[in-house]
Structures are given as C-alpha cells and as structure tokens.
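Hi everyone, thanks for making time for this. Let me put the model up on the screen, and then I'll walk you through a few parts of it.

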Amino acid sequence: MSLTPSPNNAPTPALTVEPVPVRRESPWQQGLRELLRSKSAVLGLVVLVVLIVAALTAPWISPQNPYDLAQLNVLDNRLPPGSENVDAHYTYWLGTDGQGRDLLSGIIYGLRISLGVGIGSALVAGILGTILGLVAAYAGGRVDAFIMRLVDLLLSFPSILVALMILAYVGKGIGNVVLTLVVLEWAYFARTARGQALVESRREYVEAARCQAIPNWRIVLGHILPNCLPPLIVVGSLQVARAITLEATLSFLGLGVPVTEPSLGLLIANGYQTMLSGDYWISLYPGLALLITVVAINLVGDRLRDVFNPRLQK
C-alpha cells in the first residue's frame, strides 16, 4: 500500500492498493486437495495406511510368529475367537486354525505377502507397460502395430486362465506369481500410456521441442511422460487391487504362494472345508481382511480417477 501525494487543494489523499501476488497450486497439489475432499477416499486411504503399517511391522506387533513351529501348540488347534492358549499366556482374539496358529497373527503376516505381491507386480508392470506404450506412440508404424496387437491378444484371454497356464508350467513361488501378474497387467498400462502419449505428442510444447533439435528420448521422458502420469497412477491403483484379488484366487486354488509363505488367499483355503462344521472363523476373518484391503484400494482408486478426469467430476 502506498500513499500518493495530493495537491494543496485536495481534501484527502488518494490511496492505491498494490495487488497481492496469488500463489498457484501445482496439479499434484490440486489433485491431493480434491482427493481429500472425498470422505470415502480419505477413509480408504487411512485404512490402507493402517494395513501397510501393520504388514511392515508384523514381527513386532503380532502376538506370535504363526510360521515358527517352536511357538505353535497342536492342542490350540481350531479354538474359537476369544479363547486363551493352553499356557494362558495370551488370547486368540480371532481364534486359531487347524495347525494351532493364531489367525490374527496369520492375517497380519498374510498381508505382507498379499500387499507385497500386489504392489510389486503393479509397479513392475507399470514401468514395463509405460515404456512399451510410449515407444508405440512415438515410433508409430510397424512398431506401434506390433505392440498393440500383442496387447489386444493378451487382453482377449481370461486372466485367470492365462495365470493358471503359466503357473502350471513354472510352478509355485512368490517370484513366479509376481512374474505371472506382470505378464497379465502390463497391457493395461501400455494401452493407457499409448493413448495419453498420442494426445500429448500433438501438443504445441512437443512441436517446439522438436524444432529445437532436442533428442527424442528427452522429449519422451522429459515432456510427454510427466503428462501421462496422472492416468497411469489411476490405472496402477486399480491394478494393485486386481493383482491382490488374482493372487488370492490362485493361492486358493493351490497354484499361488507356497505353504511356508501363505497369503490371505491361502489362509482362506485352509479353512473353507470346515466352514459347514462350525469352524467358520478360519476362513471368515482372512476373507474379511482381503475384502477390506481391496475395498480400501478401490475407494482411493475411484477417487483418483474422478480427480484426474474432469469429465467424471460432478
């Protein structure tokens, strides 16, 4: 604010107000603000953070290590929720399974496998699919046709059928499950990256970069890729939930992770045969944990889709 001097005959001085500079928000800050406006997305994000923290700190917060044979007692098998162990050292709040393992501890340890497989496979598939999608969009011609026909071929088969065929050949194991999920998921990222890259490659800033003789790899990685990230993040969040569900299905069918490193799907499979005999908790609580995990991820993913796609905003 400044004071303008007035002539002698002016009764009052005139005031001029200097404009206050307005700080602009980045697109990521705007996206985070819009994400936090949704109560369901915030709830899903909080639940997801709690599950991830519980999975990472499983050795310290679990009542027992359910896969340490020295801590198991066969006399504690199939105890209902709220029962105490034989030595009365602690309470099995969610009961035990047929091997005497604490279900609460088994679920926390199972979350480590399920979340690790889901996030890891989605991350690797996202990197691979994004690179192939960008190459297809920028190269065009036969390269584009070859990559996209491969994508169409992969997406034309049911995912569970392809996964069963691959795992029947390579066998069980966390690494093999991750590899199978990457094969099934990269096509979604490639199609999304290609479509967004085709739109961005026609923008003025790309034409300006080409006129300045900037190398193609710098144009793709420095200009096109950053503008393709929002839809890829949405696809990635939804693919994590899909990967966790598919891994649980494969483990339930006996072709997923090994018995020594069970996920939530394998925990469900351990008790489904005894549900009708009254031991419902062995499959019920791992199933609820899987349901809560997938719903929390989908709540965040759906909100991200609305935030990064203005056409879907109400």
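Predicted model: local features only at pLDDT ≥ 70, side-chain atom pairs only at ≥ 80, totals over all residues.

**A walk through the model**

Let's start with Ile 52, which counts as partly exposed because its relative accessibility is 31%. The classes work like this: buried means under 20% relative accessible area, exposed means over 50%, and partly exposed lies in between, with a 1.4 Å probe and protein chains only. Ile 52 sits in helix H2, residues 39-56.

Residues are numbered from 1 along each chain as its sequence is written, and side-chain values use heavy atoms, with hydrogens and water left out.

Now the overall picture. The protein has 11 helices and 4 strands; these are DSSP runs numbered from the N terminus, with helices being H or I of at least four residues and strands E of at least two. Of the 314 residues, 40% are buried. The protein exposes about 17700 Å², and carbon and sulfur atoms supply 65% of that; the areas come from the Shrake-Rupley method with a 1.4 Å probe, and for residues only the protein chains shown count as cover. Take the contacts between residues at least 6 apart in sequence: 67% of them join residues at least 24 apart. Contact here means heavy atoms within 4.5 Å.

Next, a helix pair. The axes of H4 (residues 103-139) and H9 (residues 216-252) come within 7 Å and cross at roughly 145°. Axes are lines fitted to C-alpha atoms, for helices over the stretch in contact, with angles from 0 to 180 degrees between N-to-C directions. Who makes the contact? On the H4 side the residues include Leu 115, Gly 118 and Tyr 138, and on the H9 side they include Cys 228, Gly 236 and Glu 247. By class, this contact has 15 nonpolar, 6 polar and 1 charged residues; Ala, Val, Leu, Ile, Met, Phe, Trp, Tyr, Cys and Pro count as nonpolar, Asp, Glu, Lys and Arg as charged, and the others, Gly among them, as polar.

On to the aromatics. How many aromatic pairs does a search of the whole structure find? It finds 3. Rings of Phe, Tyr and Trp (its six-membered ring) pair if their centres lie within 6.5 Å; planes under 30 degrees apart are stacked, over 60 edge-to-face, and the rest tilted. Phe 252 and Tyr 272 form a tilted pair, 5.1 Å centre to centre with 55° between the planes. Phe 252 lies in H9 and Tyr 272 in the loop between H10 (264-271) and H11 (281-308), so the pair ties together parts 20 residues apart in sequence. Tyr 280 and Trp 281 make an edge-to-face pair, because their centres are 5.4 Å apart and their planes are at 85°. Is Trp 281 buried or exposed? Trp 281 counts as buried, at 6% relative accessibility, whereas Tyr 280 is partly exposed at 38%.

Last stop, the loop between H3 and S3, which holds Gln 64. Gln 64 is buried, at 3% relative accessibility. Leaving out residues up to four places away in sequence, Gln 64 touches several residues, among them Tyr 90, Arg 101 and Tyr 109. Arg 78 is in this loop too, between H3 (58-61) and S3 (83-84). Arg 78 has a positive phi of about 55° although it is not a glycine, and it is partly exposed at 40%.
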